Amino acid sequence: MRYMITPRARTTAMGVTAMVVLAGLNAPAAVSYAERTYHAYKINQPGYKAQYGHWDLLSVPEKYRVRAIHAALLRSGKVLLIAGSGNDQKRFDAGTFDTLLWDPAKDTFKLIPTPEDLFCGGHSQLPGGNMLVAGGTARYEVLDGEVERAAGPMLVKNEDPDRARRFAKGTVFRAPDGKRYRATRAFRVDAAKKVPKKDRNGKRKGGEVTVIASETRVFVESVKKGKFGLRSKPAQYAIQGLTGQAARDVYGLAQAMTLDKQDYQGINAAYEFDPESERYIPVDPMDESRWYPTLVTLGDGRVLAVSGLDDVGQIINGINEIYDPKTKKWSKAPRRYFPTYPALFLTKGGKLFYSGSNAGYGPAKKGRVPGLWDLRRNTFQRVPGLTDTDQTETSTSVLLPPAQDQKVMILGGGGVGESSKSTPRTAVVDLNRSPQRYVKGPDLPQGTRYLSSVILPDDTVFTTGGSSDYRGKGDSDLHKAQIYSPRTNSFEKAADPTVGRNYHSSALLLPDGRVATFGSDPLYADRANTQPGTFERRVEIYSPPYLYAKDRPALGAGPKELQRGGRATFQTRHPERVTHAKLMRPSAVTHTTDVEQRSIQLGVKHHKDSVTLSIPDDRTLTPPGWYMLFVTNAEGVPSVAKWVHLP
């Protein structure tokens with residue numbers, strides 16, 4: 001095939017020739033310019049795009065350039081980008097929280113009022129199409145050497161069975177030695193409970209009752225700065241302003257007050273984001289405050305919330321809960337400890353597979369072993385075979401397509417905390433086989449943390465970005481991308497992205513088959529690690545090779561509501577071009593953790609001017625909710641998605 005050379009291409013080629021001549025005159029800068037110019041020319045050629053795909057920067061007006069910490073595709077086709085305070089202490093202190101709604105079809109933007117700091121919360125797709133968002137930030141961390149006031153968690157108890165009490169932020173607690181500490185947030189303590197006394201046979205003993213004190217936690221800090229507020233022994237604290245019986249009924253208990261590093265603290269707030277009204281709707285708060293939690297949709301449409309840092313900055317020790325979208329309320333779930341942002345995938349039969357991927361917080365030797373969690377029995381079956389087990393933090397995991405194969409892949413990762421370690425390791429486990437065991441996959445080009453992985457409608461997985469060191473230290477962003485084929489168990493090169501992505505970055509599939517990438521929060525801006533980094537607010541979009549192919553299939557009229565175990569017929573002018581069909585669950589991703597995305601293969605039957613698709617019945621394979629329906633041809637070229645609903 002012959003390509004016509006445009007005037008712009010001819011000019012570029014002449015520029016390259018001129019630079020090559022200058023390079024012969026020993027001009028290093030000219031060589032660099034020549035290489036860049038030729039590269040720009042090469043990557044814009046039709047043949048290159050058809051083989052490797054192409055990247056484009058999205059033009060986002062300054063007003064709408066938010067710090068995209070969280071990204072979710074809504075059933076409206078729009079992308080919800082949640083920043084909250086965006087890892088910016090000043091914005092947090094000012095109460096300035098951001099959410100942006102981007103319409104990829106029209107490239108329009110809308111800022112959404114954000115009720116609380118949802119920064120580093122969790123999110124999940126709900127059956128009706130709303131997005132559940134839960135948790136976020138109550139307080140920013142204070143690093144070692146920067147703590148100005150002695151502080152610690154306070155357990156507030158109430159022995160009054162007749163009255164609950166509310167206290168304002170700044171409420172003062174007084175230690176036995178007179179030192180004073182103030183609450184860093186408002187809090188409430190319920191009335192104590194009256195429990196009837198019973199005899200040995202379990203019968204009530206008249207009208208006698210036992211009063212059980214209620215309790216709540218709050219973080220407090222010394223009113224005075226410096227070492228004055230240090231306390232090393234447990235004590236009971238009086239609450240300033242309470243007198244008489246109230247002062248005896250309501251009090252605080254604390255172990256110590258220290259100048260140690262103070263971690264982030266979570267909130268228990270929960271909201272549903274409604275794609276139709278485009279606003280946050282408050283629902284009942286969680287029982288636990290959570291910062292860095294994972295939310296995963298179960299087969300019955302309820303959502304499990306696990307892990308996170310609590311309201312005093314301590315990692316939650318296995319207390320989990322479940323949200324019911326029908327009642328808008330939370331209930332207790334089986335206890336099981338995980339590090340923060342654990343990658344938990346719903347498997348056929350209803351068990352959850354923990355791949356080992358996690359992000360950020362938790363002891364190095366606790367809760368990092370992969371395995372299958374049976375929620376009903378609350379048992380955990382370890383899955384062996386993974387190498388580099390000390391480097392699963394900041395790794396990424398994906399339920400490989402098609403979901404019926406029940407294969408999960410883990411990619412890259414690094415050491416715990418601020419470790420400089422990173423691994424190129426990938427591994428795949430087949431959950432349909434017994435006993436389950438990880439087997440080695442093809443290595444990434446180099447050790448990679450914060451890699452983004454996106455399932456494509458041609459049953460491959462696009463991986464991009466990341467860095468080889470903690471938060472891109474030492475200018476270690478990786479401007480590379482690859483496409484993994486589950487069929488061949490191998491990677492192929494993809495076009496290189498322009499924008500580096502590390503911590504706080506994400507990527508997701510759009511309904512037209514493109515991949516959008518967001519965010520990045522480098523610790524430093526230079527190789528010497530002397531200049532503070534700035535949050536990456538550019539949006540870059542990848543068009544895979546299939547978008548440069550001919551004869552793209554298309555779907556016409558068909559039902560929006562699908563029936564489980566049934567069939568659905570869609571019009572198409574060229575049914576012979578359709579070889580495969582799949583339901584793809586839209587992403588809800590943060591910190592490289594995306595347990596929502598999955599691709600389910602459908603049966604295809606051809607007719608004269610339509611195709612009939614067979615829909616699986618298993619809710620644990622296809623959790624209830626809205627899906628993108630793609631059809632592809634024999635070369636893997638996909639249609640534009642149609643939105644359909646599975647009850």
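## Lining of the largest cavity

Strands β4 (98-103) and β39 (515-519) each give at least two residues to the lining of the largest cavity. Strands here are DSSP runs (E, at least two residues), and helices are runs of H or I with at least four, numbered from the N terminus. This is a predicted model, in which local features need pLDDT of at least 70, side-chain atom pairs count only at pLDDT 80 or more, and totals for chains, interfaces and linings use all residues. Residues are numbered from 1 along each chain as its sequence is written, and side-chain values use heavy atoms, with hydrogens and water left out.

The lining of the largest cavity has 16 residues. Val66, Leu81, Leu100, Arg537 and Val539 lie nearest the centre. By type, the lining splits into 11 nonpolar, one polar and four charged residues. Nonpolar covers Ala, Val, Leu, Ile, Met, Phe, Trp, Tyr, Cys and Pro; charged covers Asp, Glu, Lys and Arg; the others, Gly among them, are polar.

The volume of this cavity is about 100 Å³. In total, the structure holds eight cavities of 30 Å³ or more. A cavity is a set of points on a 1 Å grid over the protein atoms alone where a 1.4 Å probe fits but cannot get out, and lining residues have an atom within 4 Å of a point. Points are joined across faces, edges and corners, and the volume is the space filled by probe spheres set on them.

## Nonpolar cores

The largest nonpolar core has 52 residues. Trp102, Phe462, Leu509 and Phe518 have the most contacts inside it. A second, separate core has 46 residues, including Ala333, Phe345, Phe353 and Tyr627. A core joins buried Ala, Val, Leu, Ile, Met, Phe, Trp, Tyr and Cys residues through side-chain atoms within 4.5 Å. Buried means under 20% relative accessible area, exposed over 50%, and partly exposed in between (1.4 Å probe, protein chains only).

Beyond four places in sequence, the contacts of Phe462 include Trp55, Ala481, Val515 and Tyr542. Contact means heavy atoms within 4.5 Å.

Val611 is in strand β45 (residues 610-614). Val611 is buried, because its relative accessibility is 0%. Thr572 is 39 residues away in sequence, yet the C-alpha atoms are 7.1 Å apart. Thr572 is among the contacts of Val611, as are Leu555, Phe570 and Val604.

Ser506 sits in strand β38 (residues 505-509). Ser506 is buried too, at 1% relative accessibility. Its contacts beyond four places in sequence are Ala71, Ser452, Ala516, Thr517, Phe518 and Val589. Ala40, in helix α2 (residues 28-43), is partly exposed at 37%.

## Backbone exceptions

Most residues other than glycine have a negative phi, and most peptide bonds are trans. The Pro401 to Pro402 bond is cis, with omega near -10°. Pro402 is in the loop between β30 (396-399) and β31 (407-411). The Ser434 to Pro435 bond is also cis, with omega near 0°.

Glu278 has a positive phi, near 55°. His504 has a positive phi of about 60°. His504 lies in the loop between β37 (490-493) and β38, and is buried at 1% relative accessibility.

## Confidence

The average pLDDT is 93, and 95% of the residues score at least 70. Over residues 1-25 the pLDDT is below 50. pLDDT is the predictor's confidence in each residue, from 0 to 100. Where pLDDT is low, the predicted coordinates should not be read in detail.

Key: 1 Å grid on protein atoms, 1.4 Å probe; cavity = no way out; pocket = protein on both sides within 12 Å on 5 of 7 lines; lining within 4 Å.
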